[in-house]
Each structure stands twice: as structure tokens, then as C-alpha cells.
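My notes follow in the order in which I made them.

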Amino acid sequence: MASTAIHDSAVLHQHDDHGHDHGHHKETFITKYIFSQDHKMIAKQFLITGIVMAVVAMILSILFRLQLAWPDESFPLLETFLGEKWAEGGRIKPDFYLAIVTIHGTMMVFFVLTAGLSGTFSNLLIPLQLGARDMASPFLNMLSYWLFFTSCVIMMCSFFVESGPASSGWTVYPPLSALPKAISGSGTGMTLWLISMVLFVASSLIGALNYISTILNMRTKGMDMWKMPLTIWAFFLTAIVGVLSFPVLVSAVVLLIFDRSFGTSFYLSDIVVAGQILPNQGGSPVLWQHLFWFLGHPEVYIVIMPALGITSEVIATNSRKPIFGYHAMVYSLIGITVLSFIVWGHHMFVTGMNPFLGGVFMITTLIIAVPSAVKTFNYLATIWRGNLRFTPAMLFAVGLVSFFISGGLTGLFLGNAALDINLHDTYFVVAHFHLVMGCAAIFGMLCGVYHWYPKMFGRLMDERLGYIHFWLTFIGAYLVFFPMHFMGIDGVPRRYYAFTEFAFMQEWLTVNVFITWAAIISALAQVAFLWNFFYSIFYGKKSPQNPWDSNTLEWTAPVEHLHGNWPGEIPSVHRWPYDYSKPGHHADFIPQTTPFSETMSSNLLHDFEGNPDAEHIQQEWDKEHASERHTPEQV
Amino acid sequence: MENLQVEDRLNLKAKKFLMWLFIIASFMMFAALTSGFIVYTEGNAERGIKVLLPKAFMYSSVIIILSSITAHMAYLSAKGLQLGKQKLYILLTILLGIAFFYSQFQAWQALYNSGAYFVNYNASQSFIYVFSGAHLLHVIVGLFFLIYALIGAIRTIPQVRNVFRMEVASIFWHFLDILWIYLYVFLLLNQ
């Protein structure tokens, strides 16, 4: 039996060569750049698709900002570009307004901040930071990208159908979304939205399964769970949240499809459309909200947790200090993961839900402030008295912390069931989630792009353009979203085409003009990023192997990309990833691959995790070198 | 070379783990459907199953339990290098799977005849079709896994791979078994 096994795995290896290129398999343009199974190429595919989607969604946001700021003015240019159907006389039509608000939300939440963020950095960093040749299943990984791509294409196609894209908001609440006759956006556009989302869920699920399996099974020698960088912890827990919550959306969507196309009544009851009474009876629209928000709320943690992980890594590296409270960081991520599943009801306080249930959801919601605050304080404590290096990546990381605080604080108001009666569905909500999950997550993503760009493309991005990009975006984003809090407190409703029609809200028009100008400026700032990103792929300064003097494993891999990541053996890991500025060591960083035997002058007894032999050897060494140690010039 | 072999071995382990994760994901889907049922049905006294579940569901349960046993026999024979037996048991499992399909259709027929239609103002009854339909979709996937394992056995692929395919197929098939029992018991309790 044993001999069969050995013989077989030799055969198996040769068989497997198609999937696993160890250098003697010829790659064509198609297998290298298009149907690639290499995790690094798939990461780049996710990133570039995500950026394209982000640009589209950003242009949509500028379009509806124009409408909000100048509801009575005409922009002939809009008619030229959008045609008579959507912008007759240069004014955006109400139907199209609802459509672009919906698609802006869908694209940003799912395509940019879920696939673009998790897809890019989980794919890039999981194998590289853990010391694996590739993902558990490179084929499924490729499938995950192409499902995502197809879902993007289908979503874009909905702009070109007769009745326009889906327009019942990104949460697609029935009955509006379930009745094709209700509004034009609930016709073919809604069908395409549902198909696109099903493909997207399949893509994220396949991706998440791969991430979890890779993290649990394919770590290199020495890399136990507590030596993993916080990025990996964040991706791991994000993937777990995805596996547990996305299938629920599929269930909800399946029932919605039956209601739309087969005449069932899961969500529909007592409806009159255009004077006609519909036959559907007995359904419950709140059922959709329960199912949707059981995904929808974990989804916002799917969006923010990878950004938090990336930030931990970047802040520690650029403060030249160990991350403050590594274990606390991990436990608070775990806490957020668990809590994310028991808070969905706070989106439904005013749906007529049992007030007792509302109270329970309020308590669980407010508890999330605890792990979030732990993370925030740990970031600040890491920065505190660090040797700060303000690279563009570091600025974006600090920007994330800022948005996470200012957006998180308003979460305390919204999580309160009583205050929510006043605040729900106003601009206060818009301001809250755009700061805490929109801006914070996109800053995390940009931070990751600037930091790992050398790993992806072997070149550096231009720093000056990076600084321009950061400051304009950072200030612009605050100017856009901060005033919205005040509008919300005054009761200005979200999603309205022209709320200035109401007399008491007319005074907000000037604020809207201000916000729109701020939005235009922040959008223009992204041009600096796009130019920087695409120009540097070809003409950027060549990057050294470890440009940021970082500890993690990905910087030990050669700059030239190999399928399999490391030539020869995979490096093994001896220490945690945050040994920055360790007293007694000559350099201010010690890579994870450096064994303790090479750093005798800086080892501390607790580094050995209670191994008596190692402690003994260290104590002997310390005694012999007592005179050299702790001399001031050594640091 | 030796290293690469070890890595391949580890990869198979990681790939098998993918199956367990997939099972968790699809269990979540059914958990969502069944909790949706509870939320819906509890909302109003007029809702609820309100018909006797067809006998055919009972036959289906017996069939799928039997198929689970044959799937396990196939796995044991694969491990013991008895390829002939393995192929036979896989075939048996596939046949039982198809019989399960037939029996479920019979059940739908019986439901339809008793007035519990899919398009229904009492969506609790529509849910029965959704549960069993979503489960049948999974059975189709399970059949593909079994056929894939069967092809492997026929082509006498290397033993590690053969056992791997067989194991993945049988893990999934047992899951389908347990899932159906869960759904059936859930429906019985809410009858």
C-alpha cells in the first residue's frame, strides 16, 4: 500500500503539471494574462476590474450630484452623452436618477469594495504572506474572477436595455422590485440585476472558500496562526463572514425571482398598481428585509475588515513599531465577525418590528463599538511616538483611522432604536455609512494599492502624485459627507429626486451646491491616481525587493513574478511579523524568516514561548555579552 | 521533487477542505430558507403547511439513506483497491439518486393533486417546493461528483486521486442525505 502511494504521487505530480507550472511549461498570452491561474495575475485582474467599476460608479455619483445641486438648471452636455431618453433637455430624468443611485450603490458595495478589495488583496497576499505556492485551487480561483467579470458585464448591460437599469435602491426591497410594472427600473433591468448578483455571489463564495482553505492548510513551516500578519487574519475572518452570509442572499433572491416571474407570493400582498388589484396575497415584504439584511449587515464588515487588516500592516511598517496589541486586534476582529450576524435588525427598526426585538438588536449593535474602539485605540497607540514615515500608503492608512472614528461615532446615534425614528432614511444615514464603510474602506484599498504596488508590478508609484491624490480626496470626502449630517438631523430624506420642492428644505440647496463642488474636486483628484497607477505600470521607477523595509514574507520573494512565488524552497518562518525597532538589533526591522539564533543581541526571553532550552541558551549568551549589551550607541 | 510531492499531497488536503466549506455555505442557504419559512409562517395564523405531506417524501428518505450506504461502500472499496466493487457501488448510488429524483417528482404530483400548488396565497406551501427543489439542484451536483469519481475509477487514475475523488463525492452525498432528513423533519414538525 505504501509503495503504491509513493509511486502514485510521482505519477500524480506529472499529471498535475498542467495546473502547476514549475517553469517547464510554456505560457501563452491567453494563459498568462487572460485565463490565468496564477494568484498574482488574478489579483491584478480583480484590481483593474475593480478600478474600472469604481470609475463608472464615481461618474454616476457626479451625475446625481449635479441633479441635486442644480435641480432646475439644464446641462446640454448631459443630453449629448446620455441621450434624450435619460437627460431630455439636459436635465436628468427622475427614472434615470433612481437608476444611477441604485447602480452607484450596488457597484461600490459589491464590485469595488467586496470584489475589488477582498479579491485583490486576499489573492495577492494570502499565498505570498503565508508562504504558499498558490491557492488551494487555482482553477476555482480563476473561475471566481471570470464569474465576477461576467457579473460586471451584465450589470453594465442593464444600461443598454429599453427600460433602464434596476432602480429600487441597492437593497432592492419588494414589492417595488418584485413587480415589473411598478416602475420602469423593475423590468428587464431588475432581472439583469438579479442575474448579475447571483453570479457575483457565486464568485465571492468560490473566492472565500479558497481563501479559508488556503489559510488553514497551506501555511509554510513555522507559520502558526499566531504568527500570521493581521492582514491575513482580516482576510480569513472576512472570508468566513462571506461564506456564512452570501448564501442567505441567494435564498432571498431565489424567492424574489419566483415572485417576479412565477407568480408566487412570498413577499407580495394587498397591492394595487395603476388602479389594478394584483392577485398576489399573503406575502410578507419584511421577510425580504430579514433575509437581505442578514447578508447586508455582515456585508459591511466584509467591506471594512480587509481594509482594517491592510491598515494594521501599513501602520506598523511605517511607524517602525510593533503593532500595539496584536492579540487584541485579532480578538476584536473575531468579535466583529461574531457580532456582525446578530445585528441585522437595526436596519429594520421602523418596519413595524416588535419593539422588544428592536431593543435586543440595539444592544448587540452598540456592543460592536467595543471591538471597533479597541482597534482604533490600537492604531493610535501604534502611531504614538513611532518613527513615522509618511508614504502615500501611510497617509491613506491614517485617513482610514480618521474616517473610521468620525463615521463610527454617528453609528452610536443610528444604532439607537429611539433616535432612529427621527434619523432613518435621511442624509444622516448617508453621511454615516459613506464615512465609515465607504471612505474608510476605499482608503484602506488605496492604502493597499500604494503599499503593495511594487509587489504587483515591480515598480514604484510616484509619491508626489500620491500626496496630491491623498490630500484632495481626504479633504474633499469630508467636505462632501460632513454637511450631510446636518441635513439629516433636519429631516432631509435620502434618495429623493428633488427634495427642494418641499419649502422647508429649500434652504439646503446652497449646501447641496457646496457638496457637489466638493464631490467634483475629489473626483478630479482620482485622475491623479489613475494616471499614476497606469503610467507607473510601464514607466514607474524600478522597485527594490523590499522597498518599505518590511518584515512579512512577500518581500522575500523575487521582484520578477514566478508561478510558484519562490525559486527553490519556500522560506520558513521563525518569528511574528512585527519585530520593528527591536532594542538591541542593528537594523530597525527583523524579517519573519530570520531565526532567533541570528539575533542573539535582541532576543527577549518571552520570544521563546516557554521553550526552556532556548531560554537557557539565551541566558548563557546574555551573561557572556553582558558588557556589550544595552550600550547607548547600539540603537 | 520530494518536496513537490509533499506539496501536492497538501494541496489535495486543502482541496478536500474546500468541499467541507462548500457544505457549510450550502447549509447556510437552507438555514436561510427554513428560517424564512418560520418568519413567514409565524406572522399570521392563516399561513402554514395545512396539508398532509405526501407519502412519497417518506420513500425518498428511505432511498436517499440507502444511497448514502452504497456511497460509503464505494468509498471503502476504493480505499481497499477493489476497483470493480467501487464501480458497482457508485453505479448503484447513481441509480438510487435518480430514483430519489423520481420519488420527489411523485411527491410534487401528490402535493399538486391535494391542492397545495406552488403558486399559492399561502406561501408556506410554496416553500415545500422551494426546499425540495433547491435540494434536488444539489442532488444534480452530487450526481456529477459521482460520475466524475466513476470516470476516474474506469480510467484507473492514480490511487491517491481516485480515493480523493471518491472521498469528495461521498462526503457531499452524505451531506445531501443529512440535508434531506433535516428538511423532511423540519416539514414534519411544522405540519
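**Entry 1: A14(B) and its neighbours.** I started with A14(B), which touches A136(A), S213(A), T214(A), N217(A) and M218(A), leaving aside residues up to four places away in sequence. I counted two residues as in contact if their C-beta atoms, placed from the backbone, lie within 7 Å. A14(B) sits in helix α1 of chain B. Helices here are DSSP runs of H or I with at least four residues, strands are runs of E with at least two, and both are numbered from the N terminus. Is A14(B) buried or exposed? A14(B) is buried, because 20 other C-beta atoms lie within 10 Å. The scale I used calls a residue buried at 20 or more other C-beta atoms within 10 Å of its own, exposed at 12 or fewer, and partly exposed in between, with C-beta atoms placed from the backbone.

**Entry 2: what I am looking at.** This is a predicted model, in which local features need pLDDT of at least 70 and side-chain atom pairs count only at pLDDT 80 or more, while totals for chains, interfaces and linings use all residues. Residues are numbered from 1 along each chain as its sequence is written, and chains are lettered from A and ligands numbered from 1 in the order in which they are written. I noted ipTM 0.92 and pTM 0.92 for the model. For chain B the average pLDDT (the predictor's confidence in each residue, from 0 to 100) is 91, and 95% of the residues score at least 70.

**Entry 3: the side of chain B that touches chain A.** I found 39 residues of chain B in contact with 43 residues of chain A. On the chain B side, the elements that give two or more residues are α1 (2-42), α4 (123-154) and α5 (159-189). Which of them gives the most? It is α1(B), with 25 residues. By class, this side of chain B has 22 nonpolar, 10 polar and seven charged residues. For the classes, Ala, Val, Leu, Ile, Met, Phe, Trp, Tyr, Cys and Pro are nonpolar, Asp, Glu, Lys and Arg are charged, and the others, Gly among them, are polar.

**Entry 4: chain B as a whole.** Chain B has five helices and zero strands, in the order α-α-α-α-α along the sequence. Its C-alpha atoms fill a box of roughly 65 × 30 × 20 Å along the principal axes. Of its 191 residues, 41% count as buried. Among contacts in chain B with a separation of 6 or more, 79% join residues 24 or more positions apart.

**Entry 5: R161(B).** I looked up R161(B) in helix α5 of chain B. R161(B) counts as partly exposed, because there are 17 C-beta neighbours inside 10 Å. From R161(B) to A149(B) the C-alpha to C-alpha distance is 9.4 Å, at 12 residues apart in sequence.

**Entry 6: α10(A) against α12(A).** The axes of α10 (residues 326-339) and α12 (residues 369-383) of chain A come within 8 Å and cross at roughly 150°. Axes are lines fitted to C-alpha atoms, for helices over the stretch in contact, and angles run from 0 to 180 degrees between N-to-C directions. The two helices are therefore roughly antiparallel to each other, a term for angles over 145 degrees. The crossing is left-handed, meaning that the near helix is turned anticlockwise from the far one by less than a right angle. The contact is made by A328(A), M329(A), S332(A), G335(A) and I336(A) of α10(A) with P371(A), V374(A), K375(A) and N378(A) of α12(A). These residues divide into five nonpolar, three polar and one charged.

**Entry 7: α5(A) against α15(A).** For α5 (residues 94-130) and α15 (residues 427-457) of chain A, the axes come within 11 Å and cross at roughly 35°. This crossing is left-handed. Residues of α5(A) in the contact include M108(A), L113(A) and F121(A), and those of α15(A) include I442(A), M445(A) and W452(A). The contact has 10 nonpolar, three polar and one charged residues.

Entry 8: The peptide bond from P174(A) to P175(A) is cis, with omega near 5°, and P175(A) lies in the loop between α6 (138-157) and α7 (188-217) of chain A. E609(A) is not a glycine, but its phi is positive, near 50°. E609(A) is in the loop between β4 (541-542) and α18 (612-624) of chain A, and is exposed, with 10 other C-beta atoms within 10 Å. L81(B), also not a glycine, has a positive phi of about 60°. I placed L81(B) in the loop between α2 (56-79) and α3 (83-113) of chain B. L81(B) is partly exposed, with 13 other C-beta atoms within 10 Å.

Note on methods:
Angles under 35 degrees count as roughly parallel, over 145 as roughly antiparallel, 65 to 115 as roughly perpendicular and the rest as oblique.
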